[in-house]
Each structure stands twice: as C-alpha cells, then as structure tokens.
Amino acid sequence: MTTASMPYSQVPLPESSHLPDPGQAASQWAIAAKGIEMVFRSGLEQFRVLKGVDLAVEPGEIRLLMGPSGSGKTTLLSILAGILTPTAGQVYLLGDEITSLSRRELTRFRRDHIGFIFQGFNLFPALTALENVELSLEIQGIRGRAAKQQAMKLLHQVGLADRSDRLPQDLSGGQKQRVAVARALAGNPQIIMADEPTAALDSQTGQAVIELLHHLAKEEGCTVLIVTHDPRITSYADRITYLEDGQISHHPSWE
Ligand SMILES: Nc1ncnc2c1ncn2[C@@H]1O[C@H](COP(=O)(O)OP(=O)(O)OP(=O)(O)O)[C@@H](O)[C@H]1O
C-alpha cells in the first residue's frame with residue numbers, strides 16, 4: 001500500500017523527539033510534515049532554505065509559525081499548502097500525502113480543503129467585495145443565486161455586509177483583509193493557511209481578523225496555520241513553532 005492510500009491512522013508521522021509519540025492517536029493530525037528540505041537554484045548558486053523540517057498540527061488548532069526574516073516561514077507555508085514542491089520530504093494534509101499528488105490533483109485538493117489568506121489581499125480590483133467572494137465560490141462549483149447568497153452570508157460573517165458593493169479601492173486595509181478572509185472561507189475549508197494576515201492592519205482591525213480566525217478554529221473546527229511576526233497574535237495561538245535558518249529551533253510543548 002502506498003502512503004497516499006493508507007488510512008489516516010497509519011500515515012507515518014514526524015519522528016522528531018520534539019513531537020508527541022507518533023504511535024499515540026496518530027489519526028489526530030490535520031497537517032503533518034516530515035523531513036522537508038528546500039533548495040532554490042539560481043545559476044550555479046544553491047540556497048538551502050529549509051533543512052529538514054518536521055511538523056504536526058492537530059485539527060482545530062491555531063498554530064503560529066514565527067522566526068526571523070528570511071528563516072524560511074513563507075517557503076514552508078507554501079510547501080505545506082502544496083503551492084511549492086519540496087526538494088525532499090513529505091507533507092500530509094488530512095491524511096493524504098499531498099507531495100505525491102499530481103498538479104491537477106493538488107489543485108483540486110487545495111480548492112476543496114484549504115483557504116488562503118495572504119498579506120497583499122489578492123483581491124480583483126475591478127470586482128466588488130461581493131463579486132470577489134462570489135468568484136471563489138464559482139471556482140468551487142457554486143453558481144448564480146446560491147453563490148450570491150452564500151457570498152453575502154460570508155461577508156456578513158466578517159462584518160462587511162454593508163460594504164458588499166464596494167470596490168477594493170474604496171475599502172480600508174482591514175476591510176480588504178476581511179474580504180480576503182471571507183473569500184478564504186468559501187467552500188468551508190478544513191484548513192486555513194495565512195501569511196502575515198495582520199501585517200498591514202492597525203491593531204483594532206488586526207484583532208478583529210485574528211478573532212475571526214480564532215472563532216473559525218474553536219467554533220467551526222478549522223485548523224489554522226499562521227505565519228506571523230505579530231506578537232499580538234500569540235495569545236490566540238494554541239502552539240507556536242519557531243523557525244531559524246531553515247530549521248525548527250523550538251517546537252511547541254505538548255501536554
Ligand atoms: N524562489 C526563490 N529563489 C531563491 N531564493 C528564494 C526564493 N524564495 C525564497 N528564497 C529565499 O529563501 C529564504 C527564505 O525566504 P522566506 O520568504 O521563506 O522567509 P520568511 O521567513 O518568510 O521571511 P519574511 O519573514 O521576511 O517574510 C530567503 O533568503 C529568500 O531570499
């Protein structure tokens with residue numbers, strides 16, 4: 001049996017001494033990564049950005065990925081999300097080994113299970129807040145009235161129902177980020193991955209965004225992985241993983 005077809009409970013897990021005993025309730029992981037290496041090549045030069053990273057995140061957990069600038073956080077997040085293919089190592093999301101999927105299977109997996117929130121918002125400037133969310137739903141196969149109704153519900157959830165007809169240029173940074181969160185929630189993803197979701201926001205709007213992510217984890221059971229430098233977020237985290245020079249320097253403690 002290949003690892004891709006194994007039942008979740010049999011997926012091999014990281015064997016780091018920092019991690020809980022892999023034999024113990026192995027089926028609990030939403031995100032598990034083992035031996036992740038990433039080498040970027042530019043001409044004759046090589047940059048070894050990740051040097052053997054192991055990670056395990058429980059469902060419903062809010063995990064922060066922190067560390068100095070250039071330590072490899074965004075690269076690791078991109079690998080865990082299946083956007084970048086690692087030079088070595090395996091990534092398991094919800095029990096599937098995504099590192100063994102084809103491009104097409106990966107695209108479908110991401111669409112069905114992962115919501116992304118990036119610092120730059122990535123909103124389409126010519127579309128209103130509502131249309132930006134509707135577009136994501138359409139990509140999930142939800143169209144017409146159903147898409148409009150669901151998009152409105154999502155905007156309501158992030159407190160932006162009264163701004164649904166605004167273009168991104170007419171929204172504040174915090175409002176744009178909340179549209180980006182609403183869009184990430186389209187399709188009820190089990191995993192949300194966010195890269196610096198509060199970096200461009202003032203403290204009040206930053207807090208509103210993180211409280212929303214916290215609600216999703218604790219009330220809806222989403223697993224939330226956040227790359228951040230923002231110390232204000234740490235009190236909302238269940239655990240924090242620190243990356244330094246491409247390696248995990250400090251793993252969370254597991255009680
Ligand atoms: N495509 C690439 N080609 C070459 N080097 C890259 C590439 N992408 C990232 N790097 C390098 O990898 C290292 C880690 O980058 P990464 O963006 O993952 O760090 P980070 O910890 O997220 O940093 P920051 O906190 O500043 O966002 C950096 O030195 C970066 O220059």
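**A walk through a predicted fold**

Residue numbers start from 1 along each chain as its sequence is written.

Let's get the overall layout first. The chain has six helices and 10 strands; these are DSSP runs numbered from the N terminus, with helices being H or I over at least four residues and strands being E over at least two. Contacts are worth a look too: two residues are in contact, or touch, if their C-beta atoms, placed from the backbone, lie within 7 Å. Among the contacts with a separation of 6 or more, 67% are between residues 24 or more positions apart.

Now find the open sheet. Its four strands run in the order β2-β1-β4-β5, with antiparallel pairing. At the edges sit β2 and β5 (96-97), each pairing on one side only. Strands count as paired if DSSP finds at least two bridges between them, and β1 and β2 have 10 bridges, in the antiparallel sense. One of these links joins glutamate 37 to its bridge partner in β2, lysine 51. What holds such strands together? Strands of a sheet pair through backbone hydrogen bonds, either parallel or antiparallel.

Next comes α1, which lies across β1, β2 and β4 (88-93) and runs at about 120° to β1. That angle is between N-to-C directions, on a scale from 0 to 180 degrees, using axes that are lines fitted to C-alpha atoms (for helices, over the stretch in contact). Is α1 mostly covered or mostly open? It is mostly covered, with six of its eight residues buried: Lys73, Thr75, Leu76, Leu77, Ile79 and Leu80. Just after the helix, glycine 82 takes a positive phi of about 75°.

Residues around it include Phe40, Phe47, Gly70 and Lys73, where being near a molecule means having a C-beta atom, placed from the backbone, within 6 Å of it. β1 (31-42), β2 (45-57) and α1 (73-80) each supply at least two residues of this shell, and α1 gives the most, with three. The shell divides into three nonpolar, eight polar and one charged. In this scheme Ala, Val, Leu, Ile, Met, Phe, Trp, Tyr, Cys and Pro are nonpolar, Asp, Glu, Lys and Arg are charged, and the others, Gly among them, are polar.

Finally, let's peek at two buried residues. Valine 91 is in strand β4 and counts as buried because it has 23 C-beta neighbours inside 10 Å. Not counting residues up to four places away in sequence, valine 91 touches Ala33, Ile79, Leu80, Ile98 and Thr99. Isoleucine 98, in turn, sits in the loop between β5 and α2 (103-113). Why is isoleucine 98 buried? It has 24 C-beta neighbours inside 10 Å, so it counts as buried.

How values were computed:
Predicted model: local features only at pLDDT ≥ 70, side-chain atom pairs only at ≥ 80, totals over all residues. Buried ≥ 20, exposed ≤ 12 C-beta atoms within 10 Å, placed from the backbone.
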